[in-house]
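Subject: Structure handover

Hi,

Here is the structure I promised to pass on. Please open it before you read the notes below.

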Amino acid sequence: MKVFLKYLILFYSVIAFGQLPEGFVYVQDVIPNIKVELRYHTSNNFVGRPIEGYQSNKLILTEAAALALKQVQDELEKQNLCLYVFDGYRPQQAVNHFIEWAKALSDTINKQRFYPNVKKRYLFKEEYIATRSGHSKGSTVDLTILDGATNKLLDMGSPYDFFGKESWVDYQGLTGAQRSNRQLLQTIMLKYGFRNYHKEWWHFTLRGEPYPKTYFDFPIE
C-alpha cells in the first residue's frame with residue numbers, strides 16, 4: 001500500500017505540476033491537512049519584506065522528505081496536533097537575497113524582533129546566515145506544532161527565526177512546558193528520519209536526502 005501511494009503521488013505531481021524538477025512535490029498535495037505559512041513569502045521575517053523566489057505560499061520538498069513528513073503528521077493528528085511549516089525548499093536566489101541584505105548594515109528594521117543581541121555584521125560569523133543553505137537541496141524544513149484544540153502554536157520558548165541562544169535545542173532557560181514542547185517536536189521528527197540543527201529548534205533535514213550536493217534555484221510558484 002505504501003509503495004502504491006508513493007507512485008500515485010509521484011504520478012499526480014508530474015501530471016498536475018510538470019514544472020517541478022523530478023523528485024520534487026507540492027507538500028500540500030501529499031499532506032492536505034498540513035498548515036503552511038512561508039514566512040519568506042511575507043514581510044514577517046528578519047529582512048522585513050518578501051524574499052526573492054517566494055512567489056506563492058506553496059510548500060515544496062523532495063518526494064522523500066514529503067513522505068517522511070506525512071508520517072509525522074499522521075502521528076500528530078492522533079493527538080489532535082498538526083504540523084505548522086514556516087519554510088521548506090528555498091531557492092538559491094533567496095539565499096542570495098539574504099546575502100545582499102546582510103551587507104546593508106544600516107538596514108535593521110526587524111533587529112529587535114529577530115536578532116536583538118547579535119550585531120548584524122556578525123550574522124555570517126555566528127552561522128545564522130550562510131552563502132549556501134541546506135534548504136536549497138529540497139529536504140530541509142522549518143516547522144513547529146499547532147494545537148488543534150486551541151488553534152494556537154505550541155510555546156517553544158523563542159519565535160521562529162530568532163537569532164540567539166534561546167533558539168538552541170538544548171537552551172536551559174525554558175519553562176517545563178516549553179521544554180516538553182521542544183522535546184515532542186524533536187522526538188517525533190527524529191523518529192521519522194529527520195536530523196535536527198542544534199542552533200535552531202525548528203530546523204530539520206531528512207537523513208539520506210536524495211540531493212545532498214545539489215543546490216536548486218527554481219522559484220516557488
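The notes cover the pocket and then the salt bridges.

First, the ground rules. This is a predicted model, where local features need pLDDT of at least 70, side-chain atom pairs count only at pLDDT 80 or more, and totals for chains, interfaces and linings use all residues. Residues are numbered from 1 along each chain as its sequence is written, and side-chain values use heavy atoms, with hydrogens and water left out.

**The pocket**

A pocket is an open set of points on a 1 Å grid over the protein atoms alone, where a 1.4 Å probe fits, with protein on both sides within 12 Å along at least five of seven lines. The largest pocket has a volume of about 480 Å³. Volume here is the space filled by probe spheres set on the points, which are joined across faces, edges and corners. Lining residues have an atom within 4 Å of a point. There are 28 of them, and Arg 132, Ser 133, Gly 134, His 135 and His 203 are the closest to the centre.

Strand β8 gives the largest share of the lining, four residues. Helices (H or I, at least four residues) and strands (E, at least two) are DSSP runs, numbered from the N terminus. By class, the lining has 12 nonpolar, seven polar and nine charged residues. Nonpolar means Ala, Val, Leu, Ile, Met, Phe, Trp, Tyr, Cys and Pro; charged means Asp, Glu, Lys and Arg; the others, Gly among them, are polar.

**The salt bridges**

Side chains of opposite charge can pair when their charged atoms come close. A salt bridge is a side-chain nitrogen of Lys or Arg within 4 Å of a carboxyl oxygen of Asp or Glu. The structure has nine.

Take Arg 49 and Asp 107. Their closest N and O atoms are 3.3 Å apart. The two residues sit in separate loops, 58 residues apart.

Next, Asp 142 pairs with Arg 90, at 3.8 Å between the closest N and O atoms. Asp 142 is in strand β5 and Arg 90 in the loop between β4 and α4, so the pair ties together parts 52 residues apart in sequence. Buried means under 20% relative accessible area, exposed over 50%, and partly exposed in between (1.4 Å probe, protein chains only). Asp 142 is buried at 2%, and Arg 90 is buried at 8%.

Finally, Glu 209 meets Arg 195 at 3.7 Å, N to O. Glu 209 is buried at 11%, whereas Arg 195 is partly exposed at 35%.

Best wishes
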